[in-house]
Amino acid sequence: MQEERNIRIIEWEDMDKKKFYSVGLLMALTIRLGVYPIVLIRTRLQVQKGRSHYKGTSDAFSKILKSEGIRGLYRGFLVNSFTLISGQSYVTTYELVRMYISRYSDNNAIKSIVAGGSASIVAQSFVVPCDVISQHLMMAGQKGYRGRLEMSQITGTTRQNFGQAKEVIVNIFKIDGPRGFYRGYLAALLMYIPHSAVWWPSYHFFAEQISKWTPSEWPHLIIQGIAGPMAAITASTVTNPMDVIKTRVQEVIRVWNIIEEVIRLWKKFKSIHWQQRGRMRSNV
């Protein structure tokens, strides 16, 4: 029996599986095409030391567009698009676990937390290897960048897309072996399990609260469209530090230890904090 709520939650048995696995995949690919340049820019900003290359998002966008063209904003896209499969596996796992948990509890928050965490473990097993490869490809076009892998300059659209991807895979396997494709796996779990555990309950909470303050004739689609981004902002705010650590563990030279990277970032944060306090005191 479901809890009383203003917004009906669509469960696994209510879903049209054919539309979910076909139309859903096409929609996910379309969204990925739109947001991928932002993902690439975020990755470069996270990996760079201080402001060595870019001053911010807009500066990175203009510099990449000027030096690498539109193609530069989509480096590694083909490899990254394989992670769309993980999206389908994520939702499938989430819904099936929710259905299983509902046998023992009707509490929507509990079902969302347990199902979201379980789905993240399954999805990240697919995502992390693709992320490791695509992040190296994202960074390959940055002028003066020296990462863990020595990338040769490959020209031509087809050779650049597939030749560099093959080169990255071969080099990762040669340097780190099979475990190299799972660099940052623990950091990814430490980010995405809490992210899912926060996102789903937040989404249901915001949707229910919004429905109480909006006219009854408002379509549920609009309410859900507002609740989704609000939940995403909440979850991303909580988990963004782990996202930075995950990216650096996967990409930066000689960083296997997550704790080592956390300590390094914390020391850097404290150094900036004390510098700012010193400036404030000197201005008094």
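The side chains of arginine 75 and glutamate 68 are joined by a polar contact of 3.0 Å in this predicted model. Arginine 75 is placed in the loop between α2 (57–72) and α3 (77–80). Its relative accessibility is 15%, and because buried means under 20%, arginine 75 counts as buried. Glutamate 68, its partner in the polar contact, is itself among the buried residues of α2, which are Asp59, Ala60, Ile64, Glu68 and Gly72. An α-helix has 3.6 residues a turn, so residues three or four places apart point the same way. The cover over the buried residues of α2 includes α1 (17–47).

Over its 16 residues a straight helix would span 22 Å at 1.5 Å a residue, yet the end C-alpha atoms of α2 span only 15 Å. A bend of about 85° is found in α2 at lysine 66.

The helix α1 also falls short of its straight length. With 31 residues, α1 would reach 45 Å as a straight helix at 1.5 Å a residue, but its end C-alpha atoms are only 39 Å apart. A kink of about 50° lies at valine 35, shortly before proline 37. Proline 37 is one of the buried residues of α1, which also include Phe20, Arg32, Tyr36, Leu40 and Arg44. At the N-terminal end, α1 is capped by aspartate 16, with a side-chain oxygen 3.2 Å from the backbone nitrogen of lysine 18.

Between α1 and α2 runs a loop that holds tyrosine 54 and glutamine 48. Tyrosine 54 counts as buried, at 6% relative accessibility. Its side chain makes a polar contact of 3.1 Å with the side chain of arginine 44, a residue listed among the buried ones of α1. The C-alpha atom of tyrosine 54 is separated by 9.6 Å from that of isoleucine 64, 10 residues away along the chain, and isoleucine 64 is one of the buried residues of α2. Glutamine 48 is buried as well, with a relative accessible area of 6%. In sequence, glutamine 48 and methionine 139 are 91 residues apart, while in space their C-alpha atoms are 9.8 Å apart.

Attention now turns to α4. Threonine 92 is placed in this helix and is buried, with a relative accessible area of 16%. Once neighbours within four places in sequence are left aside, the contacts of threonine 92 are Trp12, Phe20 and Tyr21.

The largest nonpolar core has 17 residues, of which Tyr90, Tyr94, Trp199, Trp200, Tyr203, Ala227 and Ala231 touch the most other members. Two or more residues of this core come from each of α4 (84–101), α5 (108–140), α7 (185–213) and α8 (220–251). The greatest contribution to this core is that of α7, with six residues. Tyrosine 94, leaving aside its neighbours within four places in sequence, is in contact with Ser112, Ala115, Gly116, Ala119, Trp200 and His204. Apart from this core lies another, of 10 residues, with Val79, Val128, Val132 and Ala188 among them.

Proline 178 and proline 129 are 49 residues apart in sequence, and their C-alpha atoms are 9.8 Å apart in space.

The overall architecture may be stated last. The protein has nine helices and zero strands. Of its 284 residues, 43% are buried. Among contacts between residues at least 6 apart in sequence, 74% join residues at least 24 apart. The accessible surface of the protein comes to about 16700 Å², and carbon and sulfur atoms account for 65% of it.

Methods. Residues numbered from 1 in each chain as written. Predicted model: local features only at pLDDT ≥ 70, side-chain atom pairs only at ≥ 80, totals over all residues. Heavy atoms only, no water. Helix = DSSP H or I, 4+ residues; strand = E, 2+ residues; numbered from the N terminus. Buried < 20%, exposed > 50% of the residue type's maximum accessible area, 1.4 Å probe, protein only. Polar contact = N/O pair within 3.5 Å; in protein donor to acceptor, adjacent residues only side chain to side chain. Expected span 1.5 Å × (residues − 1). Bend = angle between axes of the 7 residues up to and from the residue. Contact = heavy atoms within 4.5 Å. Core = buried A, V, L, I, M, F, W, Y, C linked by side-chain atoms within 4.5 Å. Areas by Shrake-Rupley, 256 points an atom, 1.4 Å probe, with all protein chains shown as cover.
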